[in-house]
Amino acid sequence: MTDNRQIVADAFAAWAAGTAPITSIFAPDMRWEIVGRSAAAGTYDSRQQFVDDMLSPFGARFSSEAPFRPVTIRAIYADDEQPTVAVVWDGEGITHIGTAYRNTYAWFLRMEEGKVVEGTAFFDSIAFDELWQTVSPSI
């Protein structure tokens, strides 16, 4: 079986290329935490809740020509004993109103059987909140 680091690296590459969403490696019963005090901070108790409450409204703020995607993977670290993969990456996209959004993320992904069962995310909450408050999701 492919190791967790490779599974995550392949998923990020597919997301960056626009061939598969990052959610393809999320387990249905995944728990996701966004740390901090941003508008998105909190805990999501399933993949579906995370998609419905966070990822879909986030993605709906971007144009279809330049959606938000990872543009630089700074590092991918794996701890097979935990089993956890840490990814530090830069993402960007152009909103449907023509503004650019860029942010740097650190994701810590606990894996089981090739799927993310627990994720913890850190990012620039000021940049995120500016996007969230100034760009409404397109209908």
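The legends below describe close-up views of a predicted model.

**Figure 1. Overall fold of the protein.** Three helices and six strands make up the secondary structure. Along the sequence, the order is α-β-β-α-β-β-β-β-α. The C-alpha atoms occupy a box of roughly 45 × 30 × 25 Å along the principal axes. The radius of gyration is 14 Å, which agrees with the value near 14 Å for a compact globule of 139 residues. Of contacts between residues at least 6 apart in sequence, 53% link residues at least 24 apart.

**Figure 2. Surface and charge of the protein.** Buried residues account for 42% of the 139 residues. The protein carries 10 positive and 19 negative charges.

**Figure 3. The largest nonpolar core.** This core has 35 residues. Trp32, Ile34, Phe58, Tyr101 and Trp107 have the most contacts inside it. Two or more core residues come from each of α1 (4-17), β1, α2 (47-59), β4 (84-94), β5 (100-112), β6 (115-123) and α3 (125-134). Helix α1 gives the most, with six residues. In soluble globular proteins, nonpolar side chains tend to be buried together.

**Figure 4. Phenylalanine 58 and its contacts.** Phenylalanine 58 is among the residues with the most contacts inside the largest nonpolar core. Leaving aside residues up to four places away in sequence, phenylalanine 58 touches Phe68, Tyr101, Tyr105, Phe128, Leu131 and Trp132. One of these partners, Tyr101, is also listed with the most contacts inside the core.

**Figure 5. Serine 38, a buried loop residue.** Serine 38 sits in the loop between β1 (26-34) and β2 (42-44). Its relative accessible area is 7%, so serine 38 is buried; the cut-off is under 20%. Residues up to four places away in sequence aside, serine 38 touches Phe123, Ser125, Phe128 and Asp129. Phe128 is also touched by phenylalanine 58.

**Figure 6. Glutamate 33 in strand β1.** Glutamate 33 belongs to strand β1. Its relative accessibility is 27%, so glutamate 33 counts as partly exposed. Beyond residues up to four places away in sequence, glutamate 33 touches Gly42, Thr43, Gly119, Thr120 and Ala121. Isoleucine 97 is 64 residues from glutamate 33 in sequence. In space, the two are 29 Å apart, C-alpha to C-alpha.

Figure 7. The bond from glutamine 82 to proline 83 is cis. Its omega is near -25 degrees. Proline 83 lies in the loop between β3 (69-79) and β4. Most peptide bonds are trans.

**Figure 8. Glutamate 113, with a positive phi.** Glutamate 113 has a phi of about 50 degrees, although it is not a glycine. Most residues other than glycine have a negative phi. Glutamate 113 is placed in the loop between β5 and β6. Its relative accessibility is 76%, so glutamate 113 counts as exposed; the cut-off for exposed is over 50%.

How values were computed
Residues numbered from 1 in each chain as written. Predicted model: local features only at pLDDT ≥ 70, side-chain atom pairs only at ≥ 80, totals over all residues. Heavy atoms only, no water. Helix = DSSP H or I, 4+ residues; strand = E, 2+ residues; numbered from the N terminus. Rg over C-alpha atoms; globule rule 2.2 N^0.38 Å. Buried < 20%, exposed > 50% of the residue type's maximum accessible area, 1.4 Å probe, protein only. Contact = heavy atoms within 4.5 Å. Lys, Arg positive; Asp, Glu negative; His and termini not counted. Charge placed at Lys NZ, Arg CZ, Asp CG, Glu CD. Core = buried A, V, L, I, M, F, W, Y, C linked by side-chain atoms within 4.5 Å.
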